Amino acid sequence: MRRYLSIDLYDEFMEDLLEDDRSRPTEVYQRISSKWLGQLRIPISTIYLNQRIEGTFEIKTPPILVGYTRTNSNESPEYASMLIGSSLPDMRELTHISLFINLEPNVEIPKIDTNELECVELEQTKTRVYLWFEEYRNEFPSRAKLPLVTLLSGKRVCVTRLLGPVNVPFVIDENVERMIRRYVSLIPVYYNTDACSQLEGIWLTNREIINIMCASPKDLGVLLVCFYLILEFDAYLVLGHSLLTGDSTFVLLREGQDYFIVDPTSGKKYNSTDTYCPLTRIYYIVSQDNVWGNIQKENRVFLTQLDVGKSAYWRPLFNRSHEAPTGCIHDGNFLYRNPLNVRDLQKTIERKIMKKIAFWRTHRKTVWNRYISDQLRYALSALEVDLCMETNTDRHLEVFNQLFASYKINGFPINLPYTNLSTIIAQVKSTGIHLNSENKVEFSLGVYIKEYPSNIYSVWIFLVSLVPKM
């Protein structure tokens, strides 16, 4: 079974191939072509565990699309209409698709029972947790999750022990908040139907996540909150439901009177009132000192009151009579290893992609334009910085459009965490850039890998097809 349901977005257009204008009144010679614009990947495990998914999803689009121009919102409608066919809406305004997915016939969802495992908490704490949980479950059965979590050691602890300050792998400066979001989003995520990956399953410590180099979405939320805590942010862990990952964790930030929600799997930061935030329901909000159950009738997150100090909206687990257990499970002074050299891996990925594209084009000659490969790699290194700093990338588009004014060009960068070569190759093939059937088409490829502490890698691939203009 594939790990993802992939939905790719293409720009399909009719291409006129007739060269002799004198023949146009009597002859038609056209070809349907398509250019890749973006992709939505839904984990199969999410569909399996939820049985039914309905909602609006964000399509992941590349930061630049070479061969297209952006329309300016300040331009007149008449001028904008002249650009139809050669321009796209501003990709900074996110692209979304509404889907309904249903699994038939319904299958039995695996469950895991950890109640018989040893709990390290004091008896009075366990009694308090179970009484609170039973009362909450009677009122809100769809939101109730036992606030005791199971560790890899097989022991259970209170969910508040998941949170505590943890060293960040970067120098603490004005950019560190963006960098920790980027770092956590690059940790490979393992989507599985195994019940151990769910909220009732196994939770990992920061040491286990970095050493294993893999985690479930819920573990990334915990790690990101711990990073925020050492930076002295007012940060909380949210246990809730997401369209893409199912039951998982998110980060809640309070900045003055404003609340923000961070998706740890993408590193994106949303205003709490954003209707396109991937978090669709909130069960609990967790801090180092307490757990608050959501007792609001409203399920939609953008209409949910997030101030846990309001007892009309949130029910606390602990109080002055029953204090939360202390002692974080994470290694707060964890030392990150220096990353390995990526030069050989970079060359291996480049050779593999070139070999595969030539193989997919067995009936056509594949010509590689190596002249611009260095320029592509330089652009990729700059894009990594832009993505981390969340800055505009339009300047790269302008440079490429000017540089290749004599070519019909189609190209885009792809970015993903490094897991294995087969995942990278599958991503390249899904774009369909190798299907260009022009006789004079040339291809160019740039590969760049940005290494982060403890061998977390950001892989960038720039694919370009070039056809000389007549």
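Student: By class, how many nonpolar, polar and charged residues does the lining of the largest cavity have?

Tutor: This is a predicted model, in which local features need pLDDT of at least 70 and side-chain atom pairs count only at pLDDT 80 or more, while totals for chains, interfaces and linings use all residues. Residues are numbered from 1 along each chain as its sequence is written, and side-chain values use heavy atoms, with hydrogens and water left out. Ala, Val, Leu, Ile, Met, Phe, Trp, Tyr, Cys and Pro count as nonpolar, Asp, Glu, Lys and Arg as charged, and the others, Gly among them, as polar. On that basis the lining of the largest cavity has four nonpolar, eight polar and two charged residues.

Student: How much space lies in the largest cavity?

Tutor: A cavity is a set of points on a 1 Å grid over the protein atoms alone where a 1.4 Å probe fits but cannot get out, and its lining residues have an atom within 4 Å of a point. Points are joined across faces, edges and corners, and a volume is the space filled by probe spheres set on them. The structure holds four cavities of 30 Å³ or more, and the space in the largest cavity is about 100 Å³.

Student: Which element gives the most to the lining of the largest cavity?

Tutor: The lining has 14 residues, and Y191, S197, Q198, P217 and T245 lie nearest the centre of the cavity. Helices (H or I, at least four residues) and strands (E, at least two) are DSSP runs numbered from the N terminus, and α1 (44-50), α6 (217-230) and β11 (246-255) each supply at least two lining residues. With three residues, the element that gives the most is α1.

Student: At what angle do α4 and α8 pack?

Tutor: Contact means heavy atoms within 4.5 Å, and here R178, M179 and R182 in α4 meet E384, L387, C388 and M389 in α8. Axes are lines fitted to C-alpha atoms over the stretch in contact, with angles from 0 to 180 degrees between N-to-C directions. For α4 (residues 176-185) and α8 (residues 373-389), the axes are 8 Å apart and the angle is about 110 degrees. Angles of 65 to 115 degrees count as roughly perpendicular, which makes α4 roughly perpendicular to α8, at about 110 degrees.

Student: Which residue has a positive phi although it is not a glycine?

Tutor: The place to look is the loop between α6 and β10 (235-242). There, with a phi of about 65 degrees, stands E232.

Note on methods:
On a 1 Å grid over the protein atoms alone, a cavity is a set of points where a 1.4 Å probe fits but cannot get out, and a pocket is an open set with protein on both sides within 12 Å along at least five of seven lines; lining residues have an atom within 4 Å of a point. Angles under 35 degrees count as roughly parallel, over 145 as roughly antiparallel, 65 to 115 as roughly perpendicular and the rest as oblique.
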